Amino acid sequence: MSALFETYSRSIAFEKGEGMRLFTKEGISYLDFMSGVGVNSLGHNDAHLVRAMKSQAEKLWHVSNIFSIPQQEELAQRLVDNSFADAVFFTNSGTEAIECAIKTSRKYYFDKGQENRTDIIAFNGAFHGRSLGAIAAGGNPAYLKGFGEPVAGFKHAKPNDIKSVKSLINENTAAILIEPIQGESGINVISNDFMRSLRKLCDEHDLLLILDEVQCGFGRTGKLFAYEDIGITPDIMAIAKGIGGGFPLGACLAKSDIAKSMVVGTHGSTYGGNPLACAVGNAVLDRILEPQFLPHVQEMSKKLNWHLHQLQQRFPQYIKEVRGKGLMLGLKITPPVSEFVALLLKNHLLTIGAGDNVLRLLPPLIVQQSDIEEAIEIITKAFKEIEEVDKLNG
Ligand SMILES: *Cc1c(COP(=O)(O)O)cnc(C)c1O
């Protein structure tokens with residue numbers, strides 16, 4: 001029995017973590033290939049992060065955003081220096097970063113005297129978080145059900161179908177909102193061509209392009225941000241998950257002419273960007289900006305991808321597709337993914353399912369070749385077990 005809302009069906013508990021591994025209180029070790037859903041990019045108990053956090057914890061945890069926060073200003077400047085953006089608003093989560101992005105896009109047109117322009121075109125299969133605004137943006141009926149009239153102003157187009165986007169644009173459209181790689185709905189990589197067409201469409205119709213890089217950003221694809229590989233820049237971008245390495249932190253980034261609509265009184269957050277969070281955020285960025293860090297992600301991505309394709313050749317009856325980019329990879333499988341995830345857990349490998357019956361692999365970005373080989377061995381063993389059972393059943 002638990003005193004918690006039953007919003008999650010939970011399994012085992014962990015007591016500590018070290019690098020790629022998590023340990024139960026009995027000391028049983030699990031190999032982490034999910035990173036708390038794309039969060040623990042530096043794995044567990046990273047020495048640099050722990051030092052940064054401890055040192056800030058002994059000085060100052062929190063002050064209100066009515067005071068200057070040097071750690072926050074430093075992190076904002078570094079994000080600006082390393083992205084398309086000119087200004088940053090810090091949040092505690094991805095959902096809040098999306099809320100800020102939506103509000104900022106609407107306020108931009110409001111300030112231009114185009115108050116009617118509040119509509120945002122999002123996509124089928126999207127996930128943007130769980131607030132009322134974010135579930136309306138995501139549009140997933142399962143997440144909207146039971147929570148009243150959805151927040152108005154969201155329409156949904158088909159990913160990779162530019163005609164379906166064009167048909168939704170009218171005089172009330174403010175922005176297009178998209179995940180460059182849809183995470184929750186099954187590691188669905190949006191094509192570069194389509195992403196570029198969206199940028200072009202936004203320029204032609206004076207719309208804002210909002211990217212949700214909450215899951216695919218912060219080094220996950222092998223670049224600091226996924227848009228870098230696409231060859232476009234957004235106008236607004238939401239990030240979170242990897243940015244805090246496990247400490248709750250998110251951010252909304254924007255170009256200056258857009259960010260400037262958000263003046264004193266228009267938006268706020270009590271905790272967002274507090275000294276402790278930003279000290280950790282700065283430490284995460286220290287590591288990710290080390291010259292060898294992102295090349296390592298790219299190299300490990302190649303290795304993991306290679307193994308996954310080998311696995312697909314070995315078990316074509318169970319693996320329909322290898323999907324993803326960088327260390328955001330997925331296997332579309334035929335056995336029910338929740339059962340397969342449970343089978344891997346039983347074999348001490350942590351993974352997570354996604355929509356479309358996809359097994360999602362999001363290892364910490366510090367993963368090594370030996371970890372990949374170990375994970376592949378466990379996944380192979382699991383498929384072999386299923387194969388045995390299928391053989392017995394004829
Ligand atoms: C996880 C996620 C969110 C929501 O982030 P929270 O921190 O859970 O609020 C939003 N968008 C995408 C793409 C995500 O993967």
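Visitor: What should I know before I start?
Guide: The model is predicted: local features need pLDDT of at least 70, side-chain atom pairs count only at pLDDT 80 or more, and totals for chains, interfaces and linings use all residues. Residues are numbered from 1 along each chain as its sequence is written, and side-chain values use heavy atoms, with hydrogens and water left out.

Visitor: Which residues are around the ligand?
Guide: Ser93, Gly94, Thr95, Phe127, His128, Gly129, Glu179, Asp212, Val214, Gln215 and Lys241. Each has a heavy atom within 4 Å of the ligand.

Visitor: How does that shell divide by class?
Guide: Into 2 nonpolar, 6 polar and 3 charged residues. Ala, Val, Leu, Ile, Met, Phe, Trp, Tyr, Cys and Pro count as nonpolar, Asp, Glu, Lys and Arg as charged, and the others, Gly among them, as polar.

Visitor: What lies 2.5 Å from a ligand oxygen atom?
Guide: A polar side-chain atom of threonine 95.

Visitor: And how far is lysine 241 from the ligand?
Guide: A polar side-chain atom of lysine 241 lies 2.6 Å from an oxygen atom of the ligand.

Visitor: What about phenylalanine 127?
Guide: Here a backbone N or O atom lies 3.3 Å from a nitrogen atom of the ligand.

Visitor: New topic. How many residues line the second largest pocket?
Guide: There are 25. Gln72, Val88, Phe89, Met262 and His267 lie nearest its centre.

Visitor: Which classes are in that lining?
Guide: It has 14 nonpolar, 10 polar and 1 charged residues.

Note on methods. 1 Å grid on protein atoms, 1.4 Å probe; cavity = no way out; pocket = protein on both sides within 12 Å on 5 of 7 lines; lining within 4 Å. Polar contact = N/O pair within 3.5 Å; in protein donor to acceptor, adjacent residues only side chain to side chain.
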